[in-house]
Amino acid sequence: MVNGFNPNSLRQALEIRAANDVIPYAGGTDLMIGEQHPGSYLFLHAVPELKRVYLEDGILHLGAGCTFTELLEHPLTPALLKEALSQIAAPAIRNEGTIGGNIGNGSAKADSALIFFVADASLKLESSTGTRILPIRDFYIGRKQLALHPDELITEVLLPLRWLDGYVYQKVAARKALAISRISFVGLLTLDNGVIAHCATAFGAVSDVVIRRPEIDSMLIGKSVEQVKAIRSDYLAAYDKAIVPTRGRVSSEYRKAVCLNLLLDFLNHYEI
Amino acid sequence: MDQGIEFQLNGERVSYTGSATTRLLDVLRDNFALTGVKCGCKEGECGACSVLLDGKLVNSCMVAMGRVAGASIVTIEGYSKTARFAALNAAYAAVSAVQCGFCTPGMILASEAILAKTPHPTEEEIRAGISGNLCRCTGYNAIVTAIQSAAKEGNGLW
C-alpha cells in the first residue's frame, strides 16, 4: 500500500520499524487530529502480540495495542483502570484508541498513563535487536519527549496489581463525555491495622509530565492515622512546593488550587 | 508496494489506491460519494462521521485508510437497507428525534451499536452509547426515547 505498512506479527513490525522512517499508528485517535502527517504509517492493529493480556507473578501484562474498550471488557483489568478508561472520550474513540498510543502520544493529559504512573508500572520496549523494561516515570522526559529509540515500539505495560484496590480517582474536565482532562488526580492508599501500608499519588494534565513524587508520599507510609494527622500540613506543604503547573487552557493558579483541593479530598476520604 | 487497499464497503468488495494515511471519512465522501457520512469536526469530537468498522462504532475522521485493509465498513447508506434501520427510522420519526438531520446518520449508527451490544438498554446505557454524538437542535431526550422505542418495537431484531 502507498505510505503504509500492515504487519501481522511483532517481528515483522519491528523489522519495518528498523528499516523505515515510519510513524507508529496504534488506534489513530490522536494521530489523525489536525493536518495529515507527511510520511508513512506503521499500522499495528493486526499485530497479535500487542493484544495479549496475561498475569505473571502479580504483574498484569497489558499488550500496548489493546483498545480501551477491550480492556474495559477484560476480566483481568483492575477496577481503577476501568474507572479511568470508562471516562476517556466516548465509545467510538474507546473502540480504536489504545493504551500504547495513549502513552506514546507523550501527553501528561493521557488518562490511562496517569494510572500507570501511580501504580509505578513499567513499559516493555522492543526493537528487532532487543528488549528493555523501563519504569514509566523514566520513559517520559518532557512534553512530547519520550525515551523511545527510533527503532523501538512500546509492546507492553507491566502493571503491578498489589496496591490498586484502595483508591480515589478524580478527572476534572469541562464536560462529561469527549472531555480532555484539565486536571486529573489519583491517590492509592492501603491501611493495615490502622497503619498506612502504602500511599501513592499522581497528578495529570498539570505539568509537562505526570507528577508522581514517591519521596513525598513516603512521609505517610508506616505511620498510624493518628501520627499522620500531626504531619498532614507538612505533607500538603511538600506538594504545594512540588506542583509547578504549566500554563495551558486554564491558568496555572487554578490548576494548582484544584490539585491541592483534590489532595485534601483524598486525605479526608481516608479521614487522615 | 503499490497494490490497493481492499475492503468491504456496505457489503461490496472495493479497492482504494491512494495513500494509506488518508482519512476514511474523506475517501468515503470524495471517492465513493457516500455523503451520508458527515464531516463535523475532523477531530473526533462530534460523531457526525460515525461508521461501523467490523461492527464497531468508529469516527471515520480518526481512521486512516491503512487501518481499513481487509475490514468491513458500513455507512448509513448500507445500513439503511436493513430491517434494523427500518425499526430505528420509524422510532426516530414517531417522536421527532430529527430536526436538521446533520447528526442523524451518526446517531442512527450509534443507536445500532448500542442495541447490537445490549438489545434492551437502560437509559443510562443509551446516554453513554450516544455520548460521542453531538446534536445541536433536537436535543437528546427525543433521541433517547426513540432508541428505547426501537428496542421495544423492534424486539427480536437485535
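I began with B:E123, which at 40% relative accessibility counts as partly exposed, a class that lies between buried (under 20% relative accessible area) and exposed (over 50%), with a 1.4 Å probe and protein chains only. I note here that the model is predicted, that local features need pLDDT of at least 70 and side-chain atom pairs pLDDT 80 or more, while totals for chains, interfaces and linings use all residues. Residues are numbered from 1 along each chain as its sequence is written, chains are lettered from A and ligands numbered from 1 in the order in which they are written, and side-chain values use heavy atoms, without hydrogens and water.

The side chain of B:E123 meets that of B:R127 in a salt bridge of 2.8 Å, N to O; the term asks for a side-chain nitrogen of Lys or Arg within 4 Å of a carboxyl oxygen of Asp or Glu. Both residues belong to helix α6 (residues 123-129) of chain B and stand four residues apart, about one turn of the helix, where helices are DSSP runs of H or I with at least four residues and strands are runs of E with at least two, numbered from the N terminus. An α-helix has 3.6 residues a turn, so residues three or four places apart point the same way.

I then found a salt bridge between B:D26 and B:K42, with the closest N and O atoms 3.3 Å apart. This pair links distant parts of the chain, since B:D26 is in helix α1 of chain B and B:K42 in the loop between α1 and β3, 16 residues apart. B:D26 is buried, at 19%, whereas B:K42 is partly exposed, at 31%. The buried residues of α1(B), B:D26 among them, pack against elements of chain B including β1 (5-9) and β2 (12-16), contact being heavy atoms within 4.5 Å.

A:R137 lies in helix α7 (residues 136-139) and A:D120 in the loop between α6 and β6 (122-127) of chain A, so the pair ties together parts 17 residues apart in sequence. I also noted that A:D120, A:R137, A:R212 and A:D217 are linked in a network of salt bridges.
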